[in-house]
Amino acid sequence: GALRRTMTKEEFKGKKEQTLLVPTLGKLRADKLLLVGLGDKGDLSHGDVRTFAAKAARCALGEKAKTLVLALPEGVESHLRCVAEGLELGAYRFSKYFTGDRAPKASLGAVLVAVANVPEDAADHVKKGQAIAEGVNLARDLSNEPSNAMTPAMLAEAAVKVGKDKGVKVTVFDYK
């Protein structure tokens with residue numbers, strides 16, 4: 001009843017990207033419960049699911065959570081790739097040069113995704129989503145480097161290294 005009253009008081013309707021952070025006051029093992037709206041199931045796109053998961057990860061980081069449990073509503077199981085992408089993309093931070101008080105105090109160590117019906121190929125979808133997000137986050141890392149630390153030659157080296165690690169042939173065209 002308390003959650004329903006809080007949702008009513010805060011006018012949480014579950015609209016797209018609407019959030020409500022509720023302290024559990026010891027009623028659950030978790031310190032806080034975050035509700036993130038997805039909107040109408042009929043209008044649900046891959047982007048909506050990706051944004052939903054990213055928002056959950058960003059909020060967990062903002063709350064200095066070490067663990068995130070993401071409960072997906074029924075019918076979202078078919079979007080597990082997007083959930084994995086969103087979680088990885090939302091948890092991204094470029095903090096390489098942060099020191100002292102600016103250095104992150106906590107990082108998201110574990111994420112558990114709870115679904116009503118686990119599809120047979122769930123692991124494949126999650127792995128694919130994580131791989132896509134890993135590539136995006138690598139591109140973010142490279143582009144966030146200052147120009148004196150990421151010269152064109154260094155960018156080419158990074159591309160060659162990734163290609164070698166992933167079994168992709170990379171050809172670098174230099175000035176000549």
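Is the crossing of H2 and H3 left-handed or right-handed? Keep that question in mind while we first look at the whole molecule.

## The overall picture

What you see is a predicted model. The protein has 176 residues, and 27% of them count as buried. Its C-alpha trace spans about 70 × 45 × 25 Å along the principal axes. The secondary structure consists of 5 helices and 4 strands. Starting at the N terminus, you can follow the elements in the order α-β-β-α-β-α-β-α-α.

| Helix | Residues | Number of residues | Reach | Expected reach |
|---|---|---|---|---|
| H2 | 46-62 | 17 residues | 24 Å | 24 Å |
| H4 | 122-144 | 23 residues | 32 Å | 33 Å |

For H2, the reach is close to the value expected at 1.5 Å a residue, and for H4 the reach is also close to its expected value.

## Helix H2 and its cover

Which residues of H2 are buried? They are Asp48, Val49, Phe52, Ala53, Ala54, Ala56, Ala57, Ala60 and Leu61. The cover over these buried residues includes strand E2 (32-36), strand E3 (67-71) and helix H3. Just after H2 ends, look for Lys64, which takes a positive phi of about 60°.

## Where H2 meets H3

Now back to the opening question: H2 and H3 make a right-handed crossing. Their axes come within 7 Å and cross at roughly 35°. On the H2 side, the residues that take part are His46, Val49, Arg50, Ala53, Ala54, Ala57, Arg58 and Leu61. They meet Arg81, Cys82, Val83, Glu85, Gly86, Leu87, Leu89 and Gly90 of H3. Sorted by kind, the residues of this contact are 9 nonpolar, 3 polar and 4 charged.

## Where H3 meets H4

H3 and H4 pack at an angle of about 35°, and their axes lie 7 Å apart. H3 passes H4 in a right-handed crossing. From H3, the residues in this contact are Leu80, Arg81, Ala84, Glu85, Glu88 and Leu89. Among their partners in H4 are Ala122, His125, Val126, Gly129, Ile132 and Ala133. This contact divides into 8 nonpolar, 4 polar and 5 charged residues.

Why does Glu85 count as buried? Its relative accessibility is 5%, and the cut-off for buried is under 20%. Leaving aside neighbours within four places in sequence, Glu85 is in contact with Arg50, Gly129, Ile132 and Ala133.

Ala131 and Glu85 are 46 residues apart along the chain, yet their C-alpha atoms are separated by 8.1 Å. Likewise, Ala122 and Arg81 are 41 residues apart in sequence and 8.2 Å apart in space, C-alpha to C-alpha.

Both Ala131 and Ala122 belong to helix H4. Ala131 is partly exposed because its relative accessible area is 46%, whereas Ala122 counts as buried because its relative accessibility is 11%.

## A word on cysteines

How many disulfides does the structure hold? The number is 0. Cys59 counts as partly exposed because its relative accessibility is 22%, while Cys82 is buried because its relative accessible area is 2%.

Conventions:
Residues are numbered from 1 along each chain as its sequence is written. This is a predicted model: local features need pLDDT of at least 70, side-chain atom pairs count only at pLDDT 80 or more; totals for chains, interfaces and linings use all residues. Side-chain values use heavy atoms; hydrogens and water are left out. Helices (H or I, at least four residues) and strands (E, at least two) are DSSP runs, numbered from the N terminus. The expected span of a helix is 1.5 Å times one less than its number of residues. Axes are lines fitted to C-alpha atoms, for helices over the stretch in contact, and angles run from 0 to 180 degrees between N-to-C directions. A crossing is left-handed if the near helix is turned anticlockwise from the far one by less than a right angle, and right-handed if clockwise. Contact means heavy atoms within 4.5 Å. Ala, Val, Leu, Ile, Met, Phe, Trp, Tyr, Cys and Pro count as nonpolar, Asp, Glu, Lys and Arg as charged, and the others, Gly among them, as polar. A disulfide is a pair of cysteine sulfur atoms within 2.5 Å. Buried means under 20% relative accessible area, exposed over 50%, partly exposed in between (1.4 Å probe, protein chains only).
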